[in-house]
Amino acid sequence: MTEETFEIVLTVNGVHRAARAPARRLLSDLLRHDLGLTGTHVGCEHGVCGCCTVLLDGEPVRSCLMFAVTASGRAVTTVEGLAGPDGRMSPVQQAFQDCHGLQCGFCTPGFLCTITAFLRDTPRPTDEEILEAVSGNLCRCTGYQNILRSVRRASDLMEES
Amino acid sequence: MKPPPFAYTAPRTVDAALEALAEPGAKVLAGGQSLIPLLNMRLAAPARLVDINGVAGLGALEATAAGVRAGALVRHAAAGRSEGAARVQPLLRRAVRHVAHPAVRNRGTVVGSLAHADPAAELPAVLAVLGGAVEAASVRGRRTIPAGAFFAGPLEPALAPDELAVSAFFPAAPPRSGSAFAETSRRHGDYALAGVAVTVALGADGTVRSARAGYLGVGATPLVLDLTSVAAEGACAAAFARENVDPDGDVHASADYRRHLAGVLTDRALREATAEALAEARLDGPGARDGDGGGGGAA
């Protein structure tokens, strides 16, 4: 049986991208397999771990819980799109480096996308707001303390700039 | 961990969606935050998905004096953000905050959560305790299903296979009323082991006119208890709850522990809701908003 395929058109990190895929292609798989953007990591594939979090029209979503065909016509930002055009790390990325906010790095793309949107909406968060914001992302290495520090540091960096 | 193949339709109008749903084996895809995990784990294999994300007119969130109406594409995040909805029926925002995590709330829909009818989910209990309703449409016509008849069983809404839940209605909070939501879960954002949504309405003399509790996680469907006769005393209400819930035990919590939680959470939420109702009554002044049919609700 040949599966029906659909033309999927997305703006990914500001670049117009097109691919043909069956309706069951997850957005996470389209990004990784069809578009070659392997920065988006896939952990649990049922919405629990948060590794695959990307920004859909600026809002964090689980790319493993969305069909690429549903996202057609919309703008996606992945971890590859967070740095500046000159390759300079974004404040959130810089803060993760400064505060040792990652170890193995598998969960990091999801955290970076989640926190980028969070600090855009809540530039000076309370500790409680930070906890709530990252509660949907799992990390098995760091124990989270350095990730929380990274969020506070990123907030400071954004205020300075 | 990849979804099985399915035929796919993305209609642009409600009528086209209903025609697609009239075909056997079709299932609605809205936010997908419950359906896609089921597909990924191959626990569901619908022949056709009808993706309603592009359907015009299903994204409206209307807050009027009568209550809040959420269209089928209103995301949890939008329902939680809406100041208008929070003014008319504050319980909605309070419960939505407990639904999964922010990224899931950005996609998941209020109506989808109701139509999924998970007995451990927050919004079915809210719809049940408020006595709300779901509007269903099919090529055969439209009907309104009251909350009391909507939750037929675990993961089993009273929707026919060809029906689309087009909106849900949450009645407004009456004057001199308060509400609270409390739940206990193993991890933040997980499904709750047990939870409760409580509403309290006071009479003009400041005594409790009505107190209701809607429970999640302690039965096959959302359970609503009338706490009016026991609301004056927190310990009585907790004991009443323990006697009247019928939870199952599983790997996460024993039935006894869930029963215990139902009591504790009832006491906690009832105090909070009563305190808010008393504060509202003071703001309201004696009889200030009597007879306005619940308009405005809690300020």
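**Notebook: chains A and B**

I began with A:Asp57, which I located in the loop between strand E3 (53–56) and E4 of chain A. Helices (H or I, at least four residues) and strands (E, at least two) are taken as DSSP runs, numbered from the N terminus. I noted that this is a predicted model, in which local features need pLDDT of at least 70, side-chain atom pairs count only at pLDDT 80 or more, and totals for chains, interfaces and linings use all residues. Residues are numbered from 1 along each chain as its sequence is written, and chains are lettered from A and ligands numbered from 1 in the order in which they are written.

**Positive phi values**

I looked up phi of A:Asp57 and found a positive value near 50 degrees. Most residues other than glycine have a negative phi. A:Asp57 counts as exposed because it has 12 C-beta neighbours inside 10 Å. The cut-offs, for C-beta atoms placed from the backbone, are 20 or more others within 10 Å for buried, 12 or fewer for exposed, and partly exposed in between.

I then turned to B:Ala117, where phi is also positive, near 55 degrees. I placed B:Ala117 in the loop between helix H7 (110–116) and helix H8 (122–130) of chain B. B:Ala117 is buried, with 22 other C-beta atoms within 10 Å.

**Chain A**

I recorded six helices and five strands in chain A, in the sequence pattern β-β-α-β-β-α-β-α-α-α-α. The radius of gyration of chain A is 16 Å, close to the 15 Å of the globule rule for 161 residues, so chain A is as compact as a globular protein of that length. That radius is taken over C-alpha atoms, and the rule is 2.2 Å times the number of residues to the power 0.38. Of the 161 residues in chain A, 48% are buried.

**Contact between the chains**

I found 21 residues from chain A and 21 residues from chain B in the contact; two residues touch if their C-beta atoms, placed from the backbone, lie within 7 Å. On the side of chain A that touches chain B, strand E4 (59–62) and helix H2 (68–71) each supply at least two residues. E4(A) gives the most to this side, with four residues.

**Chain B**

I noted domain 1 (7–54), domain 2 (61–171) and domain 3 (177–282) in chain B, with bounds from an automatic or database domain assignment. The C-alpha centres of domain 1 and domain 3 of chain B are 35 Å apart.
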